[in-house]
Amino acid sequence: MLELDRLWTTHRPYPLRRAKPPTGRTRSLIRYTDRRNSTVLNPRSYLTEDLWKQAPILTGTTRFEPREDARNILVTGGAGFIACWFVRHLTLTYPDHYNIVSFDKLDYCATLNNTRILDGRANFKFEQGDITSPADVKRVLRKHHIDTIFHFAAQSHVDLSFGNSYQFTNTNVYGTHVLLERAREHGISRFVHISTDEVYGDVPIGAADLSETSILAPTNPYSASKAAAEMMVSAYRKSFKLPLITVRSNNVYGPHQFPEKIIPKFIMLLQRRRKLLVHGDGSPTRRYLYAGDIVDALDTIFHKGDIGQIYNIATTDEISNTDICHKLLGLFGLAHETPTNLEKSVQYTEDRPFNDQRYATDGTKLAALDWHPKTSFDDGLRRTVEWYRKFGEVWWGDISRVLTSFPVVEGTEIWTKEEHEALPSEDGVLLDVDNVADGMIQTRTLPGALE
């Protein structure tokens with residue numbers, strides 16, 4: 001007998017390189033793994049109530065006349081970063097008009113703490129499910145009579161896409177395809193697909209900002225998967241007249257972002273009095289949008305945007321990775337004015353296999369709907385630092401391995417790069433599940449599994 005929480009379930013037919021395929025019938029395969037050198041996060045774990053009640057309830061600021069053709073709204077990835085802000089905003093701003101269903105697989109970067117404030121509200125429901133499962137998607141659409149979809153769910157961390165690109169294609173492309181097909185069968189009034197400015201690729205310094213009609217030229221597996229997903233969206237809009245809107249946003253930051261991304265990761269490293277891990281020379285820039293501002297943008301597009309359109313959500317706050325270091329060191333009261341000062345707090349690491357120097361998009365089209373970012377980068381960064389200093393260490397569980405350079409993720413399990421490289425090629429045994437009862441699994445080793 002093996003404890004359930006020490007098992008890793010796989011849906012692949014051949015989970016180990018030398019395992020023989022099962023014959024005669026499909027078997028439930030489980031790999032027993034020694035997890036002594038990894039961290040397993042539990043997205044269902046809750047903060048203690050006294051600490052949780054101290055967390056601010058963060059939403060956007062907009063409110064519009066509710067749509068008559070929208071009542072039951074599905075938000076994929078609703079327990080993740082940007083989507084949880086949007087879920088909270090819709091649920092709390094439109095309590096008598098919209099029913100919100102948060103649909104999430106609960107992968108490593110999600111947590112139910114993000115929407116815990118909504119538990120028990122009449123217009124909010126959480127459903128665990130996977131966008132790559134047609135059965136899961138069909139079930140939730142029918143059960144809640146969904147008429148509107150906001151599709152946030154995605155693998156989104158560029159660093160991980162270089163080492164686990166298959167998962168990005170599966171989630172971002174196939175998962176989007178499943179949602180589109182089920183939405184076509186089910187019938188909906190509106191489907192808003194959340195994409196990224198990274199689909200445009202690198203924009204040279206001095207070049208004009210890119211509009212929504214610019215050519216897509218992705219340069220890494222993540223952005224390529226998002227561009228491919230957009231091709232499916234375009235096809236369903238043309239072929240089936242599905243009522244689609246596509247959104248391409250600049251980099252988003254703020255409270256509730258999993259600390260694998262640069263700003264929360266750097267905050268938590270400084271909180272632990274450790275050096276900031278900067279890829280390459282720190283010169284690449286990104287345009288940063290505070291989470292509350294993208295929520296307002298999405299609310300605006302939902303209520304005022306036109307079906308069939310693409311909207312850039314753009315800001316002009318362009319900040320280099322080195323500039324982020326300086327600003328955060330200043331907020332923590334650490335010297336950073338000279339190269340000697342900086343060397344005490346910053347460690348330069350290997351760069352990504354390819355790192356775009358900058359992205360730059362034109363937000364004129366959305367500005368015509370009367371949306372403009374309200375939060376300056378300095379103000380948003382200050383708010384973000386305050387939140388992580390209070391809640392960053394406890395919100396997701398043990399994030400120690402997340403804060404290393406190029407950690408490796410598989411499901412909800414996280415290794416440092418060095419730990420993962422040291423794993424044997426076959427780090428467990430294949431087991432055939434006979435029986436599941438009382439939180440325990442009774443198993444037997446499959447013949448030939450270790451041959």
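**Terms and the values behind them**

Me: What places the backbone oxygen of Val-252 in polar contact with the side chain of Gln-257?
Reply: The backbone oxygen of Val-252 lies 3.2 Å from a polar atom of the Gln-257 side chain. A polar contact is a pair of N or O atoms within 3.5 Å; within protein, one must be able to donate a hydrogen and the other to accept it, and residues adjacent in sequence count only if both atoms are side-chain atoms. The pair therefore qualifies. The model is a predicted one, in which local features need pLDDT of at least 70, side-chain atom pairs count only at pLDDT 80 or more, and totals for chains, interfaces and linings use all residues. Residues are numbered from 1 along each chain as its sequence is written, and side-chain values use heavy atoms, with hydrogens and water left out.

Me: Why is Gln-257 called buried?
Reply: Its relative accessibility is 7%, and buried means under 20% relative accessible area (exposed is over 50%, partly exposed in between; 1.4 Å probe, protein chains only). Gln-257 therefore counts as buried. Gln-257 sits in the loop between β11 (251-253) and α7 (262-271); helices (H or I, at least four residues) and strands (E, at least two) are DSSP runs, numbered from the N terminus. Apart from residues up to four places away in sequence, Gln-257 touches Phe-81, Val-252, Pro-264, Tyr-388 and Trp-396, where contact means heavy atoms within 4.5 Å.

Me: What makes α7 oblique to α12?
Reply: The axes of α7 and helix α12 (residues 377-391) come within 10 Å and cross at roughly 50°. Because angles under 35 degrees count as roughly parallel, over 145 as roughly antiparallel, 65 to 115 as roughly perpendicular and the rest as oblique, α7 is oblique to α12. On the α7 side, Ile-263, Pro-264, Ile-267, Met-268 and Gln-271 meet α12 residues that include Tyr-388. The residues of this contact divide into 8 nonpolar, 2 polar and 1 charged; Ala, Val, Leu, Ile, Met, Phe, Trp, Tyr, Cys and Pro count as nonpolar, Asp, Glu, Lys and Arg as charged, and the others, Gly among them, as polar.

Me: How do you know that α3 and α5 are oblique to each other?
Reply: The axes of helix α3 (residues 134-143) and helix α5 (residues 165-186) come within 10 Å and cross at roughly 40°. By the ranges already given, the two are therefore oblique to each other. Among the α3 residues that meet α5 are Pro-134, Lys-138 and Leu-141. The contact comprises 8 nonpolar, 1 polar and 3 charged residues.

Me: Is Glu-230 buried or exposed, and what shows it?
Reply: Glu-230 has 4% relative accessibility and so counts as buried. This residue belongs to helix α6 (residues 221-240). Beyond residues up to four places away in sequence, Glu-230 touches His-193, Ser-195, Val-199, Leu-216, Thr-246 and Arg-248.

Me: What makes Thr-196 buried?
Reply: Thr-196 has a relative accessible area of 6%, so the residue is buried. Thr-196 lies in strand β9 (residues 190-196), and its side chain reaches the backbone nitrogen of Glu-198 at 3.0 Å. The C-alpha atoms of Thr-196 and Val-247 are separated by 7.3 Å, although the two residues are 51 residues apart along the chain.

Me: How much of the chain counts as buried?
Reply: Of its 451 residues, 54% do. The chain has 13 helices and 20 strands.

Technical notes:
Axes fitted to C-alpha atoms, helices over the stretch in contact; angles between N-to-C directions.
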